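Here's a quick briefing to read alongside the model. Have the sequence and the 3D view open as you go.

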Amino acid sequence: MALRNVGVRLTADIANYQRQMREASRSTRDFQGELAMAAKGGQLDAIAEQAAGLGLVLAGVGGTAIKLSMDFESAMSGVKAATRTTGDDLNALREEALKAGKDTQFSATEAAKGITELSKAGVAAKDILGGGLDGALDLAAAGQMGVAEAAETAASAMVQFRLKGGQVPHIADLLAAAAGKAQGTVADMGAGLNQSGLVAGQAGLTIEDTTGSLAAFANAGLTGSDAGTSFKTMLQALQAPSGTTKKLMDDLGISAYDASGQFIGITALAQQLKDKLSGLTPALRDNAMAQIFGTDAVRAANILYREGATGIQGWIDKVNDAGYASETAATLTDNLAGDIERLKGSLETLAIESGSGANSGLRVITQGVEALVDEFGELPPAASGTVTVLAAVGGAALLGAAGWVTMRRRTAEALAELRETGPAGEKAARGLETTTKWAGRAAAAFVALEVAAVV
């Protein structure tokens with residue numbers, strides 16, 4: 001009885017299975033028929049083209065997000081290497097860079113590079129977060145320069161005058177004001193400061209004195225590294241005069257240092273030159289200036305002579321303008337171009353944040369492939385060479401297959417058009433069909449022979 005029950009159940013199951021297979025087969029044929037009708041009507045081509053277009057757009061969006069995220073993570077690796085920070089401090093710097101990407105015209109990646117430059121100059125993470133990065137960003141916007149360049153310029157000035165990291169915004173104000181109120185650019189001021197800063201600081205000048213003097217030089221047409229070099233050479237000429245030069249300075253009553261050996265200051269020097277040389281004839285004055293300062297430094301000395309204490313102090317006061325960098329940055333970006341740049345920065349930050357997950361996943365895949373490549377490299381040369389050739393042949397076969405599929409579609413279209421032209425076209429179509437068939441067989445044979453030869 002049990003055997004009969006099993007047999008009946010098995011027969012029923014088989015019948016049910018056959019019925020389901022017939023339904024599946026019928027559904028497949030119906031679907032194939034619909035596809036054929038759609039293909040004849042040209043609908044599949046339209047759908048395929050639309051799908052391909054959408055796919056390209058989506059792939060482009062995804063690829064862009066991953067690329068932006070990858071660039072940002074690379075920049076943050078630079079931050080980590082420069083700061084040697086981890087954990088909360090590094091996360092805080094990361095968030096600060098992302099915030100800068102949202103709120104300013106610069107991207108988060110640019111901000112991260114600015115953090116790196118500040119860190120390399122010794123600016124602590126707390127000072128970067130406390131205004132250092134903001135100062136670099138304001139200087140970059142005010143000077144129409146890159147964030148990394150602006151950060152490096154401010155950081156160099158900080159090191160030259162032994163300032164603290166928290167004074168980066170003040171340095172940005174000085175440089176931006178000097179460039180905004182005299183000739184030249186922030187980059188020119190940075191170049192001038194780069195040439196003269198160490199010597200000026202060693203002589204006892206403050207960064208305000210030095211920047212104000214460079215602004216006075218720029219106002220007279222002496223800008224950039226030329227101004228810095230002339231300024232530096234002038235200060236060096238005054239430090240240890242000897243022989244004829246020292247006697248001339250003593251006779252004129254010119255001395256850059258007081259009885260205790262301290263530098264008298266740039267304004268006092270400017271006034272001393274004005275007082276002691278103004279009574280000379282132009283010829284004697286020019287001769288004295290050339291003797292004391294030389295052909296290069298005389299340019300800066302002449303400007304100090306013309307300006308005197310009042311003029312130089314006026315420029316020092318002009319550049320010491322708190323908030324000038326941020327105000328200038330806000331003014332320069334208060335337009336449609338600035339709005340677009342800020343929007344672009346926000347979109348880039350969004351892309352970075354959204355692409356971070358994919359970026360992490362791709363890192364796992366990439367590291368896995370790297371491990372596989374390393375293992376491949378350990379194979380004996382004969383084995384690895386065989387695998388390489390097989391891969392090349394396999395790639396060629398795949399490309400050939402893809403090309404063959406495309407060619408078959410094009411051939412089918414050509415055959416249909418030829419048959420519609422009449423008897424002559426029908427004859428030509430048969431010839432083309434025969435040629436295509438044998439070409440396909442020949443190509444398949446060729447690939448098979450190539451693979452056999454490799455193996």
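Predicted model: local features only at pLDDT ≥ 70, side-chain atom pairs only at ≥ 80, totals over all residues.

A helix's expected span is 1.5 Å times one less than its number of residues.

**Helix α10**
- Helix α10 covers residues 224-239, and at 1.5 Å a residue its 16 residues should span 22 Å. The end C-alpha atoms of α10 sit 23 Å apart, which agrees.
- The buried residues in α10 are G224, A227, G228, S230, F231, M234, L235 and L238.
- As for what covers them, the list includes α8 (186-203), α9 (207-219), α11 (243-252), α12 (266-277) and α13 (282-319).

- In soluble globular proteins, nonpolar side chains tend to be buried together.
- Here, the largest nonpolar core runs to 92 residues, and F217, M234, I266, L269, F293 and L304 have the most contacts inside it.
- Leaving aside residues up to four places away in sequence, I266 touches L205, D209, S213, F231, M234, L304, I312 and I316.

**The loop at G122**
- You'll find G122 in the loop between α4 (108-120) and α5 (125-143).
- Is G122 buried or exposed? With a relative accessible area of 56%, G122 is over the 50% cut-off and therefore counts as exposed.
- T83 is 39 residues from G122 along the chain, yet their C-alpha atoms are separated by 8.5 Å.

Notes
Residues numbered from 1 in each chain as written. Heavy atoms only, no water. Helix = DSSP H or I, 4+ residues; strand = E, 2+ residues; numbered from the N terminus. Buried < 20%, exposed > 50% of the residue type's maximum accessible area, 1.4 Å probe, protein only. Contact = heavy atoms within 4.5 Å. Core = buried A, V, L, I, M, F, W, Y, C linked by side-chain atoms within 4.5 Å.
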